[in-house]
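Me: I have a structure open and want to learn how to read it. Can you take me through some features?

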Amino acid sequence: MGRYFLRRTGAAIITLIAASIIIFGFIHLIPGDPIYVMLGDGATPEQVALLRNRMGLDEPLVVQYMIWAGNALQGDLGQSIFFDTPVTQVIKEGAETSILLATITMVWIILFGVPVGILSAIRQGTWIDQGLSGLAMLLASVPTFWVGLYLILIFAAGLGWFPSSGFPSIFEEGGLSNLRYLILPSLALAAPNAALILRLTRASMLDVAREDYVRTARAKGIRPYRVVLRHILRNALLAVVSAFGFTFAALISEAVVTETVFALPGIGRTVVQSILRRDYPVIQGVILVTVCLYLVINLLVDLSYRLLDPRVELE
Amino acid sequence: MLNVDNIVVSVRNGPDIVRGVSFRIEPGEILGLVGESGSGKSMTSLALMGLLPPALHLSAGSITQDGADVTHLAPHERVRRKCGKMAMVFQEPMTSLNPVLRIAEQIEEAVRVHDPDTDASPRARELLDMVRIPDTAHQMRSFPHELSGGMRQRVMIAIALACRPQVLIADEPTTALDVTVQLQVLGLIRDLCNRLDMGVLFITHDLGVVAQLADRVAVMYAGSLVENADVEPLFRAPLHPYTGALMACLPNPESDDAVMATISGSAPRPGAIPPGCPFSPRCSRAQQPCLSGPVPCARGVAGQTAMCHFPLNESVLA
Ligand SMILES: Nc1ncnc2c1ncn2[C@@H]1O[C@H](COP(=O)(O)OP(=O)(O)O)[C@@H](O)[C@H]1O
Ligand SMILES: [Mg+2]
């Protein structure tokens with residue numbers, strides 16, 4: 001376990017270094033002087049010189065990367081050009097919304113995708129299965145923003161059950177009840193991903209049900225529901241757990257859209273705005289933090305996979 | 001006593017795979033079921049267990065054990081009705097155990113179903129001793145992938161024994177194992193059969209294994225039994241030309257002939273079985289009557305029977 005963990009962590013660090021080089025480099029891939037790209041054509045020579053100096057752009061590229069990466073390691077991701085505050089500060093402001101949104105979304109995905117997938121597999125071929133599979137196909141194929149707009153139309157504008165936009169911090173007026181602002185966005189974000197997990201759970205259950213060891217379990221005279229829970233589900237979940245890493249990646253990109261549709265003050269919306277404002281340090285910082293998070297989550301997924309599957313230990 | 005009466009297994013909306021098979025198994029006796037691969041041996045055994053895959057079903061016939069009708073009953077229903085004490089060891093030891101559960105859990109699970117009042121862990125250890133697994137304490141904690149094929153097959157037998165079967169069905173249990181391990185497992189099955197006074201249905205495509213192990217033999221061809229006999233008269237003087245051809249294919253230790261005999265042609269697939277005797281297209285003795293109509297049952301002096309118009313070894317016919 002320990003050696004495996006070290007090896008995986010090593011691989012994650014190498015990935016992180018590679019990603020950081022790409023993130024660092026992309027500012028230089030843009031045609032033209034990045035300073036002018038950031039400040040626009042109307043910038044005075046003094047402003048240009050100041051920013052160039054502040055960003056260390058007159059040093060050689062390698063030195064620039066070392067400085068940038070070294071600062072990042074110490075938790076300094078530079079200054080936002082637009083806000084003139086540290087990038088870490090900008091990220092922190094969006095973090096509460098984004099983390100809560102992702103967590104509630106994951107809860108929906110697990111609560112809906114896995115049990116409904118099981119139900120669909122157990123009732124394979126019946127109208128329940130066909131209905132659920134059809135619904136899953138539909139949800140998986142419509143874009144998140146479209147689901148979001150319809151949810152707003154029905155449950156916010158129409159029925160008035162939930163607010164349609166914004167999210168006041170749970171540490172302010174309203175406390176935890178502010179979470180109701182995140183219900184509709186998280187549902188919109190969960191819909192396509194829950195549908196994928198549903199279909200994966202179903203397919204995986206049906207695959208495992210054909211395995212020889214399931215026949216062995218039945219031959220023992222165990223009752224069918226126990227065969228499903230103990231023998232089929234346990235093995236089927238291995239495939240589902242390993243898919244959560246990808247689900248997280250999908251969540252990151254779809255969160256950008258969802259936060260924009262629901263006007264949530266999250267990191268996703270910050271990125272969109274920073275792109276429009278050409279606030280490169282913020283974009284770089286957010287991407288770097290996201291990559292770190294992605295690597296950590298995948299590491300956790302891998303570790304939990306190992307806890308569930310004793311066979312991996314040998315490899 | 002297990003009584004199988006004329007069972008037919010069919011593909012749903014498709015051909016018959018097992019076409020009217022009957023046999024009996026007494027306590028303490030090993031019935032060897034031989035036949036080429038694809039002849040329907042596994043589907044016969046799964047039908048007995050009530051474990052046919054969803055695409056197949058038992059469309060006719062009955063299965064009774066000690067007078068109780070167990071036809072169509074799945075194993076858990078047999079447990080509930082306290083009848084049909086059968087257990088099965090499958091062909092593939094590598095895939096027949098759950099990869100994520102420890103050996104102990106997989107045996108104890110069966111113990112809890114069939115001996116609900118017994119302490120499962122000591123009973124599981126006792127079962128591992130019965131199948132001669134060394135170092136039981138260690139093996140109980142192992143996962144299937146940590147065991148060799150032979151050890152896994154012993155675990156499968158232990159699981160089967162946990163069901164306290166009156167009939168043990170072993171479907172080619174040694175086909176995937178090397179020869180020395182194969183001999184050990186065969187010896188173990190014979191031993192358990194005698195000690196527990198348990199009937200055994202031993203399925204194999206290897207007539208040599210049958211000669212070593214079985215008391216009686218049923219020869220299966222294209223979904224039907226073509227010959228039934230005690231092992232000794234069968235090997236001395238087979239009646240059915242198919243049995244004779246199978247024996248001719250056995251390696252002969254006395255001859256240096258490197259080329260083994262084979263039966264020309266191939267067995268018909270379900271749905272494409274010729275009328276009359278199913279073996280007739282491959283049979284050197286086939287004549288006009290074999291090609292259509294019902295096939296008579298030839299009887300030998302030792303009680304053997306064969307479905308054939310022109311049996312071999314006429315001298316032993318009754
Ligand atoms: N699910 C199924 N659907 C259709 N045919 C099947 C199915 N399972 C097995 N069969 C057919 O049944 C025949 C007998 O198979 P089986 O009992 O496994 O043979 P054996 O065990 O003697 O090798 C084979 O011809 C096989 O193609
Ligand atoms: Mg078979």
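Me: How do the residues of the shell around ligand 1 divide into nonpolar, polar and charged?

Reply: Start with a caution: this is a predicted model. To read a shell, sort its residues by kind. Here 6 are nonpolar, 5 are polar and 2 are charged.

Me: Which residues are the closest to ligand 1?

Reply: The shell holds 13 residues. The closest are B:G38, B:G40, B:K41, B:S42 and B:M43. Next, ask which element supplies them. Helix α1 of chain B, residues 41-49, gives the largest share, with 3 residues.

Me: Where does ligand 1 have an oxygen atom beside a polar backbone atom?

Reply: Polar contacts are read from pairs of N or O atoms within 3.5 Å. An oxygen atom of ligand 1 lies 2.7 Å from a polar backbone atom of B:G38. For B:G40, the distance to a polar backbone atom is 3.1 Å. A side chain takes part too: an N or O atom of B:S42 is 2.7 Å from an oxygen atom of the ligand. Now look at cover. On its own, ligand 1 has 570 Å² of accessible area, and the protein covers 67% of that.

Me: How many helices and strands does chain A have?

Reply: Count the elements. Chain A has 12 helices and 0 strands. Its C-alpha trace spans about 85 × 55 × 35 Å along the principal axes.

Terms used
Residues are numbered from 1 along each chain as its sequence is written. Chains are lettered from A and ligands numbered from 1 in the order in which they are written. This is a predicted model: local features need pLDDT of at least 70, side-chain atom pairs count only at pLDDT 80 or more; totals for chains, interfaces and linings use all residues. Side-chain values use heavy atoms; hydrogens and water are left out. A residue is near a molecule or strand if one of its heavy atoms lies within 4 Å of it. A polar contact is a pair of N or O atoms within 3.5 Å; within protein, one must be able to donate a hydrogen and the other to accept it, and residues adjacent in sequence count only if both atoms are side-chain atoms. Accessible areas come from the Shrake-Rupley method with a 1.4 Å probe; for residues, only the protein chains shown count as cover. Helices (H or I, at least four residues) and strands (E, at least two) are DSSP runs, numbered from the N terminus. Ala, Val, Leu, Ile, Met, Phe, Trp, Tyr, Cys and Pro count as nonpolar, Asp, Glu, Lys and Arg as charged, and the others, Gly among them, as polar.
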